[in-house]
Amino acid sequence: MLRILLLRCMQIILKSCRETHCHYCFSEAPADVVFCPLCTIPVYCSRKCQEQAVGGISWNQDTYLESNSNAVDLGILSLTSTRCMAPNSKQIAEHRHECGGAHWAAVLPADIVLAGRLMAQYIDSRMLTGKSSAISGPNLDLIQHYDIDSPTSKLESHICAIVLLLCLQKHYRSDLSWKEETLSQLVLLICQVKVNSIAIVCMKSMDGGQGLTESKGYSAADDAVMCSVEQVKVAQAIYMSGSLFNHSCRPNVHAYFHSRTLFLRSTTYINSGSPVELSYGPQVGEMNLVKRQKSLQENYKFTCQCSSCSELHLSDLVIDSFCCPQSSCLGAVSESTCYKSEKNCVHVSVDESDICKLSLPHVSKVDEDIEKRRQHQ
Ligand SMILES: C[S@@+](CC[C@H](N)C(=O)[O-])C[C@H]1O[C@@H](n2cnc3c(N)ncnc32)[C@H](O)[C@@H]1O
């Protein structure tokens, strides 16, 4: 079995989970949450998570904000600024640049704040190595679709990049000099985040229990209870190597998360030289071909060319089908495919090697049968 652990990453909690989940490890937040000492945006499940996200804070009268209440006046916050602190350790705090000043991280969309975190990580690592002059942007080896983006989407990326740059400049103040191309680098970064970010999901019990992670599993037999669980999107992340995997509607690896870490586990034997493909969402058996293609186009802006989309699968035929009313007919008949089929047959590829032929009943005969049944009732 193939197991891959992917670490190099940057994450951001989704707005819908801001008050219910830890902003660092994404587990469900306990009743006694820990707040960021400098602003009211994030909550953490423990001091450890808070320190990892915020870093060491030097306390003084100017920087301290009473933030142990979510009801802090946003007007006051937006007027309050904290002194920019250069990173002084190897650990780069992901949230520090979002603290103080305008409350922008709570307002901008998650993917823009994520792009801001990547930019801040690049700046902080340069400052750590003493290269704080002439900031441009990180050179990430990630695909982007700027060329095919709609004019509205391009405009949105440009406006968000301008706002983000102003926010970052406010945080870093005069400690840095910015290159002219920084703005276009930020547009590029935003486009890369849009194409490559992965949704972090956790399993949530719908019976009011605690959130479950997939690895713990849940055995109804062991516990003699039934439990309904649902996948909940809690955060959005960029994993540098995780972003290299293409989508397949019949993936050969399954992605799951432990806190912030992405794991991939093979679900089938993968031949040497075959691509390792995961699912971005739609899968054969869950949605028909048309719906899968539509979902990938709408959410990820590409036309799926995976092997499963190049041929018709049995499940694509039967998933939205009617059950055949003829007792002698084994199959389920899809309304659309029935009329398109030639000589009253549909050719179905069951798997790559096996092609089977489904016989369809004559529509007029079906009508007769239905009429006969009505008369019997
Ligand atoms: C996260 S990237 C995957 C890695 C990318 N192929 C690369 O070379 O870096 C996602 C992009 O890859 C392409 N892609 C991924 N799966 C695909 C598929 N099944 N069919 C067509 N294009 C796909 C699309 O352009 C999509 O926006």
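Burial, pairing and contacts in a predicted model

Trainee: Why is strand E5 (residues 198–205) called largely enclosed by the rest of the structure?

Mentor: Buried means under 20% relative accessible area, with a 1.4 Å probe and protein chains only, exposed means over 50%, and partly exposed is in between. In E5, 6 of the 8 residues are buried, so the strand is largely enclosed. A strand here is a DSSP run of at least two residues, a helix one of at least four, numbered from the N terminus. The model is predicted, so local features need pLDDT of at least 70 and side-chain atom pairs 80 or more, while totals for chains, interfaces and linings use all residues. Residues are numbered from 1 along each chain as its sequence is written, and side-chain values use heavy atoms, without hydrogens and water.

Trainee: What makes E5 and strand E6 (residues 229–239) a pair?

Mentor: Pairing takes at least two DSSP bridges between two strands. E5 and E6 have 8 and run antiparallel. One of the bridge partners is Gln-231 in E6, which faces Met-203.

Trainee: Why does Arg-117 count as buried?

Mentor: Its relative accessibility is 7%, so Arg-117 counts as buried. The residue lies in helix H4 (residues 110–128).

Trainee: What makes the approach of Arg-117 to Gln-11 a polar contact?

Mentor: A polar contact is a pair of N or O atoms within 3.5 Å; within protein, one must be able to donate a hydrogen and the other to accept it, and residues adjacent in sequence count only if both atoms are side-chain atoms. A polar side-chain atom of Arg-117 is 2.8 Å from the backbone oxygen of Gln-11.
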